[in-house]
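Dear colleague,

Please find the structure below, handed over for your own work. My notes on what was found in it follow directly after.

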Amino acid sequence: MTAPVVIEARELHRHFGRLHAVDGIDLTIHRGEVFGFLGPNGAGKSTLLRMLVGVMAPTSGSVQVLGYEMPRQADALRPSIGYMTQRFSLYGDLTVEENLRFAGEIFGFPADERRRRVEAAITTYGLGRRRQQLADQLSGGWKQRLALAAATVHRPEILVLDEPTAGVDPSERRNFWEQIFELSGDGVTVLVSTHYMDEAVRCHRLALLRRGALVALGEPRSLTGELEGRVVEVDAEPPEEVVRRLRKHLEVASVTQLGDRVHALLAVGARAEVTAPRLTEYLRQAGFPDAVAVPARPGLEDVFVAATQSAPAASGAYVDLWQDDTYHGARHGAHRGQGATGVSVAPPRGDG
Amino acid sequence: MGSPLSPLLDLLRSPFRGLLAGRATASLRRLLAVARKEVRQLARDPLTLGFVVFVPLVQLSLFGYAINQDIRDVPTALLDRSQSSVSRHLVERLEATQAMRVVHSVGTEAEARGLLARGEVQAVIVVPPDFARRWYRGRGAEISILVDATDPLVARAVRSAADGLAAQIESAADASRAAAGSAAGSLEVRTLASSELRRDRPFLVTVLTYYNPELRTPVFVVPGLLGVILTTTMLLMTALSLVRERERGTFEFLIGTPVARGELMVGKLLPYVVIGLIQIAIVLLAGLAIFRVPVEGSLLGLALASILFIAANLTAGLVISSLVKTQLQATQVAFFFFLPSVLLSGFMFPFEAMPEPAQWLGELLPLTHYIRLCRGILLRATPVWHLAGSLAWLAGMCLVGLVAATRLFRKRLE
């Protein structure tokens, strides 16, 4: 990237008692990027974003945004940054229009300018028919639109979106991302956190977070590209048994169950085309007569596994990808309406 | 930084930071945006109407009627053994004081004591058989009044009514003696509660009551009630307002905007000052209509005192709001503030009658000063600048509160 740096974080820590929500993160974000933060609940995404925006003070470390030091000079940054919180933070007892109007006023625009901006926001985000509706009565998707409209009413250079599509249905999510790219096209730097893999792939650059630490950083394609030839997808029943058996194979670094499928990440140096037939044979002999192992394109899941595996894990250790059942549950499409697209990984809850 | 004045300067700078930088209007717009938003939310909240209108009215009638220290119509039994026109006349005059009302006529003392013991009457007037004879002879005419002194206020009221009557009769007798040189009747009244005999009256004391000549309690209570109502509603409303933003999550939106702490604070105060003034109008009008509480002094002076007092309570509320984490905590702390306010301010008990340490504490409370101002302005028509000390105290509390709240308030998440 040659574009100028807009956000720079160094050795960022934030502790809540004994919990290290953010545990030593360095980041450099350039103008015009759509920069994604991917990670499970509790990975520290919200805490990190809050410190980058300057609404929360770090325990240690430094953040500079557009040259302003956060959170000390946060007020000076406000006109240049828009922040959409994870939890809906507009006024439920005000109407759509009143909320936008308040947003316009609180950013200090004179009446006529404010009116123009509110009208423009209502048009851009299609809020016209709902302008008199109380925000509390809006559905999740419309709430998010309103929140985005309010966060951009002052046309910020940087826009920070904390899980903007959590609990939003798939078509709404697509619309939302169209808006994000439109803003990005206008030169806005966008920081967005998500736990949807399919959304994460769309970012220019991506930071993978786990337990408060960065486990991988880069363009989604290069992140997955590094694993090209090291992923094998296995189809056999029952998957739980397959996982257990595969771990014992020497060429397999780790195994992850992704719904009905099983992904095997091969040890460094192994090649999928060569290893896949061997694994098929291995499994058939182990009592899985229908087993088929084929080379697969690595996904972000695999990047995650590889990143968290590389350091301490013994070969063949089972990696609980998203720390608990939320990931797998969603993969099974059984996650209380969350898994409609098959890639949702967490319920729409707070992020520590 | 570091100088004792720096919080003050910071305070003055922050709401008007824009002003100093020549961006007065943007700063003012933000402040008004907060105020307008607050008004919209209040208007939409059905509880607001209750707070603004019903709380004052309920408290007014509650305190106005219930805390009634005027003792009237003490139920009384009459044991008239004299059965003379003189005794009947005397009892009529006793009743005319309105302190007592004869509800039973009995024939024996045992009967009378029974009524007293059962609480059916609280006093018994006993007129001895030789009363008329002694009266016309001009000496030693004596009636006894037996009083149930369980409630000292009742006993005191009956005694003072009887004493008053005796004094009247005596002075009338003195006057007629002086005029005619004849021996007219003089009267001794003995109340059992005191059991003291007043044989001689070396001089006559005349009490002239100013400002509340009928000694009606509501006249005394209502001006104080203004302050109590404002304390409860104003303090609680702002104590809750910032915490509510935190609890609902809207606070995080606010932090993400350029609103300065002072703008937020003052913007949140403004609507409540207006609400407080509306409450005052309601209480004064209702007080006038129901209890005939006069408004003798300047309404402008009252408004000035009230604005300062309202602001003092609001800033105290903001301080609470900046300190606590939940609405429940805010409510608890607010009540912790109410109790001494009601007890030590001179609202419930005469301020001068309290022990000195309690008075010192009372002097710290804004309510004490406001009650002083209200009673002065409303009942005695005291010009407001004669009470400048209290005004200054209230103004000081506003300033201290605002500085403290602004200092304590963090435009940040914990």
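A:Pro238 is located in the loop that runs between β11 (231-235) and α9 (239-246) of chain A. A:Pro71 sits in the loop between β5 (68-70) and α2 (74-77) of chain A. One further backbone feature of chain A concerns A:Arg155, which is not a glycine and yet has a positive phi of about 50 degrees. This arginine belongs to the loop between α5 (140-151) and β7 (158-162) of chain A.

Please note that the model is a predicted one. The predictor assigns the complex an ipTM of 0.81 and a pTM of 0.75. For chain A the mean pLDDT is 83, with 87% of the residues at 70 or more. Residues 311-352 of chain A have a pLDDT below 50, although this stretch makes 81 contacts in the model beyond near neighbours in sequence. Chain B has an average pLDDT of 79, and 81% of its residues score at least 70. Within chain B, confidence is lowest in helix α2 (residues 17-20), with a mean of 50, and highest in α10(B), with 93. Two stretches of chain B call for caution. Over residues 181-186 of chain B the pLDDT stays under 50, and the model has 18 contacts for them beyond four places in sequence. Over residues 190-207 of chain B the pLDDT likewise stays under 50, with 24 such contacts. Where pLDDT is low, the predicted coordinates should not be read in detail.

Turning to the domains, chain A is divided into domain 1 (5-211) and domain 2 (226-322). The centres of these two domains of chain A, taken over C-alpha atoms, are separated by 37 Å. Where they meet, seven residues of domain 1 are in contact with eight residues of domain 2. On the domain 1 side of this contact, α7 (197-200) and β9 (205-210) of chain A each supply at least two residues. By class, that side has six nonpolar residues, no polar residues and one charged residue.

The contact between the two chains takes 20 residues from chain B and 23 residues from chain A. On the side of chain B, α3 (24-44) and α10 (250-255) each supply at least two residues. The largest share of that side, eight residues, comes from α3(B). The side of chain B that touches chain A comprises eight nonpolar, five polar and seven charged residues.

Two packed helices are described by the angle between their axes and the distance between the axes.

Helix α11 (residues 261-291) and helix α12 (residues 299-323) of chain B pack at an angle of about 135 degrees, their axes 9 Å apart. This angle makes α11(B) oblique to α12(B). The crossing of the two helices, α11(B) and α12(B), is right-handed. Residues in the contact include B:Leu269, B:Val273 and B:Leu277 of α11(B), together with B:Ile307, B:Ile310 and B:Leu314 of α12(B). By class, the contact of α11(B) with α12(B) has twelve nonpolar, two polar and no charged residues.

α12(B) also packs with α15(B), at an angle of about 165 degrees and with the axes 10 Å apart. The two helices, α12(B) and α15(B), are therefore roughly antiparallel. α12(B) passes α15(B) in a left-handed crossing. Among the residues that meet are B:Leu302, B:Ala305 and B:Phe309 in α12(B) and B:Tyr370, B:Leu373 and B:Ile377 in α15(B). The contact of α12(B) with α15(B) divides into nine nonpolar, two polar and no charged residues.

Helix α15 (residues 366-380) in turn packs with helix α16 (residues 388-408) of chain B at an angle of about 145 degrees, with the axes 9 Å apart. The crossing of α15(B) and α16(B) is left-handed. In α15(B), B:Pro366, B:His369, B:Tyr370, B:Arg372 and B:Leu373 meet B:Ser390, B:Trp393, B:Leu394 and B:Met397 in α16(B). The residues of the contact of α15(B) with α16(B) comprise six nonpolar, two polar and one charged.

With kind regards

Key. Residues numbered from 1 in each chain as written. Chains lettered and ligands numbered in written order. Predicted model: local features only at pLDDT ≥ 70, side-chain atom pairs only at ≥ 80, totals over all residues. Helix = DSSP H or I, 4+ residues; strand = E, 2+ residues; numbered from the N terminus. Nonpolar A, V, L, I, M, F, W, Y, C, P; charged D, E, K, R; others polar. Domains from an automatic or database assignment. pLDDT = per-residue confidence, 0-100. Axes fitted to C-alpha atoms, helices over the stretch in contact; angles between N-to-C directions. Left-handed = near helix turned anticlockwise from the far one by under 90°. Parallel < 35°, antiparallel > 145°, perpendicular 65-115°, else oblique.
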